[in-house]
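Subject: The structure you asked about

Hi,

Here is the structure, ready for you to open.

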Amino acid sequence: MRIREWQDILEDVTERNVDPDDWRAVAGDRAGGVGEDMYLAHPRAGVFFLKTYAKNPFEVRGVGAKVARSLDDEIGSFMPKRDSGGRFAVQSPPEDEDHAETVSKRLQTVLETHSDAPTRPQDLFDDVMEAVESPAFGPMEYDQYDRPEELEELSEQFEEAEELLNAELDDLIETDEVDRGFM
């Protein structure tokens, strides 16, 4: 397992040549300290684990690693199903002005189509993500105030990665002096 910056891990996710809508995610508060934990998984691309924190309102820092080469049935049982309520997406910026214009036209067409037809929110989300060429999107189990049970289960499955990434993140937090409160 190679620990890297969280943005490098997300870059790996966006560069995978897999079905973008087969990704799944679980995220929530970090078990012990400042920040959040997130698992991103795809049946063919594997399982990625990120630990991040907000250094300030404009900068997120963190670490991550690929923790499994594929998504097996056991690990997959902790990931949300296709029709789960929450959603996530990883985006890449348009390549140039022409590409941005093409994407915006596709997006406009999707929104017009959905405004005329009764659709589920999940369907609108999926169509928008395809229109903007999101390389990774899908259902997400997320709790911004706590840790979903699935996150606890995944942390137990990847206990060694949990310990190593916690140590790396704690070093970043200490270096940035984010763990100090205001008085």
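This is a predicted model: local features need pLDDT of at least 70, side-chain atom pairs count only at pLDDT 80 or more; totals for chains, interfaces and linings use all residues.

**Arginine 24 and strand β2**

I started with arginine 24, which sits in strand β2, residues 24-29. What is the nearest side chain of opposite charge to arginine 24? That would be aspartate 22, at 4.6 Å. A salt bridge needs the nitrogen and the oxygen within 4 Å, and arginine 24 has none, even though it is buried.

Leaving aside residues up to four places away in sequence, arginine 24 has quite a list of contacts, among them Tyr39, Leu40, Ala41, Phe88 and Pro139. Met79, Pro80, Lys81 and Arg82 are also touched by arginine 24.

The strand as a whole is mostly covered, with five of the six residues of β2 buried. So who are its partners? Here is what I see:

- Strand β3 (residues 36-42) runs antiparallel to β2, and six bridges join the two. Within that pairing, arginine 24 faces alanine 41 of β3.
- The hairpin made by β2 and β3 has six residues between the strands, and glycine 33 there adopts a positive phi near 130°.
- Strand β7 (residues 136-143) pairs with β2 in the parallel sense, over four bridges. Glycine 28 has aspartate 143 of β7 as its bridge partner.

**Aromatic pairs**

There are four aromatic pairs in the structure. One of them joins tyrosine 39 and phenylalanine 49: the ring centres are 4.1 Å apart and the planes are at 5°, so this pair is stacked. It links distant parts of the chain, as tyrosine 39 is in strand β3 and phenylalanine 49 is in strand β4 (residues 46-56), 10 residues apart. Are these two residues buried or exposed? Tyrosine 39 and phenylalanine 49 are both buried.

Phenylalanine 125 and phenylalanine 137 make an edge-to-face pair, with 6.2 Å from centre to centre and 70° between the planes. Here phenylalanine 125 comes from helix α4 (residues 121-131) and phenylalanine 137 from strand β7, 12 residues apart. Phenylalanine 137 has a relative accessible area of 1%, so it counts as buried.

Ring pairs also link Tyr39, Phe49 and Phe158 into a cluster.

**Valine 103**

Next, a spot in helix α3 (residues 97-116), where valine 103 is found. With a relative accessible area of 10%, valine 103 is buried. Which residues does valine 103 touch, not counting those up to four places away in sequence? They are Ala131, Val132 and Glu133. Between valine 103 and valine 132 the C-alpha to C-alpha distance is 5.5 Å, although the two are 29 residues apart in sequence.

**Salt bridges**

The structure holds 13 salt bridges.

- Lysine 51 and aspartate 37 meet at 2.8 Å, N to O. Lysine 51 belongs to strand β4 and aspartate 37 to strand β3, so this pair ties together parts that are 14 residues apart in sequence. Lysine 51 is buried at 0% relative accessible area, and aspartate 37 also counts as buried, at 0%.
- Aspartate 176 and arginine 61 have their closest N and O atoms 3.3 Å apart. Aspartate 176 is buried, at 16% relative accessible area, whereas arginine 61 is partly exposed, at 23%.
- Glutamate 101 and lysine 105 come to 3.4 Å at their closest N and O atoms. Both lie in helix α3, four residues apart, about one turn of the helix. Glutamate 101 counts as partly exposed, with 42% relative accessibility.

Finally, salt bridges with shared partners join Asp37, Lys51, Arg147, Glu152 and Glu162 into one network.

Cheers

Terms used
Residues are numbered from 1 along each chain as its sequence is written. Side-chain values use heavy atoms; hydrogens and water are left out. Buried means under 20% relative accessible area, exposed over 50%, partly exposed in between (1.4 Å probe, protein chains only). Lys and Arg count as positive and Asp and Glu as negative; His and the chain ends are not counted. Contact means heavy atoms within 4.5 Å. Two strands pair if DSSP finds at least two bridges between them. Rings of Phe, Tyr and Trp (its six-membered ring) pair if their centres lie within 6.5 Å; planes under 30 degrees apart count as stacked, over 60 as edge-to-face and the rest as tilted.
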